Amino acid sequence: MVRVDILRRRLGLAALPPAPSSGPVMQRHQITRLRHETRKRTLTLSSIEQLSPHMRRLGFTSTDLGDFASAAHDDHIKLFFPSADSAEDAKPCMRDFTPRRFDADRGTLAIDFALHEAGPATTWAAAARIGDTLEIGGPRGSAVVPDDFDWYWLIGDETALPAIGRRVEELRRGVPVATFVVAGPGESQQLTTQAAWTAHWIARDGSSDDAAQLRAALDDCPLPPGDGFVWIAAEASVARRLRTYIVEERGHAREWTKAAGYWKRGQADAHEKIED
Ligand SMILES: Cc1cc2nc3c(=O)[nH]c(=O)nc-3n(C[C@H](O)[C@H](O)[C@H](O)COP(=O)(O)OP(=O)(O)OC[C@H]3O[C@@H](n4cnc5c(N)ncnc54)[C@H](O)[C@@H]3O)c2cc1C
């Protein structure tokens, strides 16, 4: 069966707005914003797991984690790395990462590093040894998207995979969640979840860009019925194009679409919130 939104696009018609439920969009599915007290914490590396060719999970322990809080799957912490600049007033070298898994009782925190060509975070994670220490800051806040939607789509590249994996693991029993992840060959992961998870692993083919490959996969999938939340994170220009596609071409409510640039080609330490 050809879906109505795909048919309308083929005919050059504007996408239909999402089916109305009861009440205006912003009165349902309220996003809760929390602030956390921030301080620096020193962690000790206690485990190293190579999840896939380029994804390395580092497990940390610390008594500093006793009051650590991370309420949302897309929270971020700052990791501090030694600066290459030896000047006294050199700025600290910081990078954003996702608290992938946190166990308050055990005082453990896992961070997944998507290893790429070069950069202080990649270099540090690739060379890290048990017993090494790492300073972190944050998260400063959490924007908690409630687990009361009818369905979820989570879209991104390997830098988004830690947040996507965490969300899939944390969603409620039976809720439909589809993930669309573009990554190098062999980078797919097994996740344990109670949600009804459909995984679309898209092997980067080098012949087209990430946005085009993700879009091709999304083109084949109808938006499920009911209220849904679409989350996107990838290289900034890729995330921007996908947000435009989801909102303007697929007609998904912009209030229920969140997109962020998790890195920027040719620029170190980039984080971009993508809005209109
Ligand atoms: C909120 C948030 C959460 C994030 N969570 C994670 C996470 O959990 N795990 C994770 O691995 N990353 C995550 N990222 C992405 C990560 O912060 C960036 O990839 C960061 O640039 C890596 O730092 P670096 O020191 O390795 O490289 P940088 O010094 O920042 O960059 C050096 C060069 O590498 C390029 N580059 C950066 N990242 C990539 C990449 N992935 N592939 C190819 N080229 C790249 C840059 O364009 C630059 O030219 C997150 C980003 C944000 C904003």
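Helix axes are lines fitted to C-alpha atoms over the stretch in contact, and the angles between N-to-C directions run from 0 to 180 degrees. The model is predicted. Its protein chain is divided into domain 1 (33-141) and domain 2 (145-274).

**Helix pair**
- The axes of helix H4 (residues 210-219) and helix H5 (residues 236-249) cross at roughly 30° and come within 9 Å.
- Angles under 35 degrees count as roughly parallel, and H4 and H5 are therefore roughly parallel to each other.
- The crossing in which H4 passes H5 is right-handed.
- On the H4 side, Asp210, Ala211, Leu214 and Arg215 meet Val238, Arg241, Leu242 and Tyr245 of H5.
- This contact of H4 with H5 has five nonpolar, three charged and no polar residues.

**Domains**
- A distance of 23 Å separates the C-alpha centres of domain 1 and domain 2.
- In domain 1, 16 residues are in contact with 16 residues of domain 2.
- Strand S2 (40-52), S5 and S7 each give two or more residues to the side of domain 1 that touches domain 2.
- S5 gives the most to that side, with three residues.
- The residues of that side comprise six charged, five nonpolar and five polar.

**Ligand surroundings**
- Of the 25 residues around the ligand, the nearest are His76, Thr98, Ala114, Gly119 and Ala121.
- Elements giving two or more residues to this shell are strands S5 (93-97), S7 (108-114) and S14 (257-263), together with helix H2 (120-127).
- The shell has 10 nonpolar, nine polar and six charged residues.
- Domain 1 and domain 2 each supply at least three residues of the shell.

Key:
Residues numbered from 1 in each chain as written. Predicted model: local features only at pLDDT ≥ 70, side-chain atom pairs only at ≥ 80, totals over all residues. Near = placed C-beta within 6 Å. Helix = DSSP H or I, 4+ residues; strand = E, 2+ residues; numbered from the N terminus. Nonpolar A, V, L, I, M, F, W, Y, C, P; charged D, E, K, R; others polar. Domains from an automatic or database assignment. Parallel < 35°, antiparallel > 145°, perpendicular 65-115°, else oblique. Left-handed = near helix turned anticlockwise from the far one by under 90°. Contact = placed C-beta atoms within 7 Å.
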